[in-house]
There are 2 protein chains.
Amino acid sequence: MKKLINNPEDVLREALQGIEIAHAGLVKVHFDPVYIARADAPVAGKVGILSGGGSGHEPMHGGFVGPGMLDAACPGAVFTSPTPDQILEATHAVDGGAGVLYIVKNYTGDILNFEMAADLARAEDIQVEMVVVSDDVAVENSLYTAGRRGVGTTVLMEKIVGAAAEARWPLGKIVALAERVRDNGRSMGMALTSCTVPHAGKPTFNLPEDEMEIGIGIHGEPGRVRMKLKPADEIVEMLLEPVIKDLPFQAGDNVIMFVNSLGGTPLIELYLIYRKACEIAARHGLRVVRNLIGPYMTSLEMAGASITLLKVDGDMVSLWDAPVKTAGLRWGV
Amino acid sequence: MKKLINNPEDVLREALQGIEIAHAGLVKVHFDPVYIARADAPVAGKVGILSGGGSGHEPMHGGFVGPGMLDAACPGAVFTSPTPDQILEATHAVDGGAGVLYIVKNYTGDILNFEMAADLARAEDIQVEMVVVSDDVAVENSLYTAGRRGVGTTVLMEKIVGAAAEARWPLGKIVALAERVRDNGRSMGMALTSCTVPHAGKPTFNLPEDEMEIGIGIHGEPGRVRMKLKPADEIVEMLLEPVIKDLPFQAGDNVIMFVNSLGGTPLIELYLIYRKACEIAARHGLRVVRNLIGPYMTSLEMAGASITLLKVDGDMVSLWDAPVKTAGLRWGV
């Protein structure tokens, strides 16, 4: 295993120490239990936006904590759900009296633990709502999932919903917005290589040198099909056509297009993919009104990419454009 | 070769087409000859800041074109210098009548071609100055270099000098600032794996599964030493101690610390490195007043990292903090 780490069991703690020092004015890192919260949390009168999940997908979610996006993130161990006590403590930290929204990716462990934390928080009279992202069109059920997996739409939801909370939308309206984003986002990804979880010390799976996997999950869960490597333009067709058909996205729709690296795929390849994806979108009459291109929801060092389309209305675009100040996404502040 | 590309010879053009579509309001991509310029270039009365070099280091330099940073970037083929005609055309595009500064990394081909373009531009009565970055303390001469290689300080210089140009500093003062950044920045990097240039189709070099190379260049040029892989904390010592000794940085100095991924090293490892680097800096009495952590000067998908320290004064910090709006770095606008 070739990684810039010390002991595998210290990776998360040492990385969190780095985050704490690097972004001291922006976030506070709590270590027992582990969560990352806005430095100024709780913000009185503001709905708290909280997310989390296994580590190894950085900058998601800890890198999205800050004004205009998340109030807190609960990182589990690498590819492992956070525990209810982490989530409950983070809920206390971000509860500004206007309620808390959990944004959860659809993985069985995440769902169970966020639901348990929600129950505990509600027992303390904290208003908690939860929206589950399940946007991955690749497979209907998966290794860690009943139903579809939650992937790229999560990042877009955290930005859009975070902006609404920053603008002091009330909880009910925010939940409705999050559900609108959930219902209108679809994704699919593929991988050229595996990744190696530090604790495991060896690749999660093996892909022969001339093969790729279409529809893979962000923890290396099996996708739709393994096949010989194809030219990028054909791969983009294989990812984007099922995404477009699924909603279905229709001629005249405005969309945000998110081309994501799973970690090991360089920017030069993402832009090449974006070019082809826009060509396909145009063929379907879709208008790409905003984009996000880069490694925002990774799978450690996995080489591969995913494409997310989100159908947006004017409100969502304004919220997308609103100022955000986080380690991972920053503009307008 | 596992890459998300079509034909190797089309990679750069297709990626540039993606950049053109993705950032249409921000930059204009010119294809013959190739350069990326601010959409509003030339800005009358403003010194034009121009950089460039081989592709494969994205987001550097094309991703740093925009208000507050570069006016244009000239990408060569992957790991290949841009040609004088590209640079000359880009010079015309950004010449707003106040002169043009070339920021050049110290590689022999880059130096020759930027110098030739500067001569041609001066023959047209365009005022051109050039500052060469040679901040890599690893080796004194290298495969493509007489003298030290130019690496991480380039990114910091482009931000700081770009902000000064945006504030309408005159050319002479900007050159002096760029020289101050050049003189006060030092870097060193290391690699865990090679990268594969699309045209070559196979890894640039081979590193056994249990070895790393300390002091490697951003094109895979040999470094100081190959050795067995060590814990990250020891690696950070091996990178940062020579950097600190070289200037030398001294107790009480304010520094910007830049922890860079060469592409394949995930963010979680960069933060772990940053943590240790700050500990070492503190031991030397250095004050880390700003930081940059991420894949900003890559070597395609190479796994590895570099650390840059820049000694800064108050002016440089204000310029670092000034608004910037580019695809690769964005804040405050």
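Hi everyone, let's start where the two chains meet: across the interface of chain B and chain A, 20 residue pairs are in polar contact, both residues at pLDDT 80 or more. A polar contact here is a pair of N or O atoms within 3.5 Å; within protein, one must be able to donate a hydrogen and the other to accept it, and residues adjacent in sequence count only if both atoms are side-chain atoms.

Some housekeeping. This is a predicted model, where local features need pLDDT of at least 70 and side-chain atom pairs count only at pLDDT 80 or more, while totals for chains, interfaces and linings use all residues. Residues are numbered from 1 along each chain as its sequence is written, chains are lettered from A and ligands numbered from 1 in the order in which they are written, and side-chain values use heavy atoms, leaving out hydrogens and water.

Back to the interface. The contact, meaning heavy atoms within 4.5 Å, takes 56 residues from chain B and 56 residues from chain A. On the chain B side, K2(B), L4(B) and I268(B) lose the most area to chain A, together 21% of what that side buries. The two chains bury about 4,500 Å² between them, 66% of it on carbon and sulfur atoms; buried area is the accessible area (1.4 Å probe) that two parts lose on being put together, summed over both.

How many salt bridges are there between chain B and chain A? The count is four, taking a side-chain nitrogen of Lys or Arg within 4 Å of a carboxyl oxygen of Asp or Glu. One joins the side chains of K3(A) and E269(B), at 4.0 Å, N to O.

Now please find E213(A), in strand 8 (residues 211-214) of chain A. Strands are DSSP runs of E, at least two residues, numbered from the N terminus. Is E213(A) buried or exposed? E213(A) is buried, with a relative accessible area of 5%; buried means under 20%, exposed over 50%, partly exposed in between (1.4 Å probe, protein chains only). The side chain of E213(A) makes a polar contact of 2.6 Å with that of R226(A). A polar atom of the E213(A) side chain also lies 2.6 Å from the backbone nitrogen of G223(A).

Last stop, strand 3 (residues 48-55) of chain A, where eight of eight residues are buried. Strand 3 runs parallel to strand 4 (residues 72-78) of chain A, joined by five bridges, and L50(A) has A72(A) as its bridge partner there. Strand 3 also pairs in the parallel sense with strand 5 (residues 100-105) of chain A, over four bridges; pairing needs at least two DSSP bridges. In strand 5, L101(A) stands opposite I49(A).
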